[in-house]
Structure formats: structure tokens, C-alpha cells
Amino acid sequence: MPDGKMPTIKDVADLAGVAPSTASRAMRGHTSIPQNTSRRIQDAAHSIGYKSNPILSEMMSAIRSGGGSAKATLAYLTNSPTEHEWRKAPTFLELYEGAAHRADELGFGMDVIWTRDQGMSSARLTKILFSRGIQGILIGPLNAARGHLSLQWDRFSIVALGHSISEPRVHRVVNNQKRTVDIALRQVWKHGYRRPGLFLLDSQNKRADLNFTAGYFSWAADRAIPPIPPLLFRRLDRTETARWLKRCQPDVLLGSGAASHAFIRQIPNAPAFVDLDLAHPDGEVAGMVQNHRIVGAAAVDFVIQQMSHGERGVPSH
């Protein structure tokens, strides 16, 4: 490779003009791939020096065959009040899209299962997962912070996305929101702002396991400056916000989400705004991109690693 990196299956797929999942199957000699296509992929792999990992290939083959089907499937559990409501939240949707894309690259299917479906119990959910031959579960962000799910966990490998599930204490993959706040604050300080204020839904902070406020107060302590008391609101309230702005006089606000930014813009003489979870980095709004698709993909890698090692149930550590 020109940059000195080891070629990946995605590099092979790009060169051959196919999807990574197709390239992966061709490199394993899967009979579903036409001979001409398989030959083109093999030639592309040879031309860039791609070598498949025999240990990884054997491991993935064992995982896929474990459920008795040609294509193993992972489960993605959702918990919103209605079946598809979670898709309206850019963060939740990007996490899922990253996970689904990575699963497809590795030759896995992904079943989205709504845990609040009528009549859904722990026993029924376990039965559904087990009957589909599902070994790996990804728990999407729950509807409320510090939530819990019941399942016969010892049958499955599990990874949660985010902090919102508190019971059981499973492995999780999550953006480092404390670090996100710290980077944002360093940037606003660099640009001359001296009174940054944290403006967040209380539920957003709790969903992040209080890492937003932790980042804010630790940054202030490191700077040895008195922090402004954060406004952690239950709902966007113009009167409450105006009182807080008048009392604390922040010159820049750190919030999260387009709704908060749109609300602040309606207030006369409102301070500058930085979005801690910028969904559309188009240059119009300053903010932090939390790379949710990468987090989702990492969760898939993590759960497959557990499956390959035969790790099931709630971890002891």
C-alpha cells in the first residue's frame, strides 16, 4: 500500500468494485459468489498484497456455523416507547448504522428487536433470540438513563452502546463525553471566551453517567477558575434560561443537540453556542462530532470478540 499500511478487506473490495461483505465471502471461497466475481476479487487481493488471517477466518467460520445457518445474525435491542421512535434521534440512528454496516462487512446479519413489543417478557425475548440462533447482542441506548433489562444473559455475548443501561453491568462501548467537554472547553478558551457555561438537559447528563458535568468541573479545577453553575434543565424553559443567563453571565454555552441551539437563538443577546453532539458538521455551528458510527462499529467488533472466545453472560469485571 502507498501509505505503508497493511491492506484490509475493504481495500480489496474498493479495488474490485464490490461490497466488503462480498469480498470477505469470496476470500473464504463462499459458493454464493459467482466465479468471475470471485476471481476478480482474488486478483485485486493479490495485486495489493492482501493476506487473509487463517486464524481469524477459522474463528469467524465457527461463529457463523454455530447458529446452524449460512449467515449468523446479531441482535440489536431497542427500548423506545414506540417501535421506531429511536430512529428520530440522530445519535441513536448513527450508532445503529455504524453497527449494521460493520456487521455486514464481516458477513453478519443484524436483527432489530423492540423490547417493549406487546407481550414481550424476559422469557419470550430469550426464546426469540435463541430460536433465531443469535449468540451476540448489542443493546442500543435505552429510552431513559440508568435503565435495566431482564434476559437470560448467560446464553449470550453482550455489549451495550452508551451508559444508559445500569443493570446488568455488561461491557459497553461509548464515546468519552468527559473528554469531549474538555476538548470543547480548550477550544473556546483558545478563541478568547472566559465564562463558558454548561447548558444541558438533566437527562442528557445522566445518560452520559454525569460525564458532561465531570468534564466541565474538572476543566475548571485544572484552570483554577470558578465554574459557572451548570443549567441542567428538565425542559427548555425561556424564563428559567433568561434568569440563569442574567445571573451567571456566560459568554459561550456548551449544549447538546440542534433543539437546544435553536432554542438559544430565539433569546435576545444570547451568548455563542457550541454543540457537544454535532449531528451535521456543515460549518454553520461549532461543535464536537462524537463519531457515533465508529462507536457502533466498535461494539460489533467487541461482541464478536466475546463470541470467538466463548464468553457469555454478565462479566465478572
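Reader: Is S21 buried or exposed?
Author: Buried, with a relative accessible area of 4%; buried means under 20%, exposed over 50% and partly exposed in between, using a 1.4 Å probe and protein chains only. Mind that this is a predicted model, where local features need pLDDT of at least 70, side-chain atom pairs count only at 80 or more, and totals for chains, interfaces and linings use all residues. Residues are numbered from 1 along each chain as its sequence is written, and side-chain values use heavy atoms, with hydrogens and water left out.
Reader: Where does S21 lie, and what does S21 touch?
Author: S21 sits in helix 2, residues 20–27 (helices are DSSP runs of H or I, at least four residues; strands are E, at least two; both numbered from the N terminus). S21 touches D104 and E105, not counting residues up to four places away in sequence (contact is heavy atoms within 4.5 Å).
Reader: OK, cores. How many residues has the largest nonpolar core?
Author: It has 29 residues, and F199, W244, L254 and L276 have the most contacts inside it. Such a core is a set of buried Ala, Val, Leu, Ile, Met, Phe, Trp, Tyr and Cys residues joined through side-chain atoms within 4.5 Å.
Reader: Which helix gives the largest share of this core?
Author: Helix 7, with five residues.
Reader: And what's L254 in contact with?
Author: Leaving aside neighbours within four places in sequence, its contacts include V181, L185, F199 and V274.
Reader: Switching topic: what follows helix 12?
Author: G310, with a positive phi near 70°.
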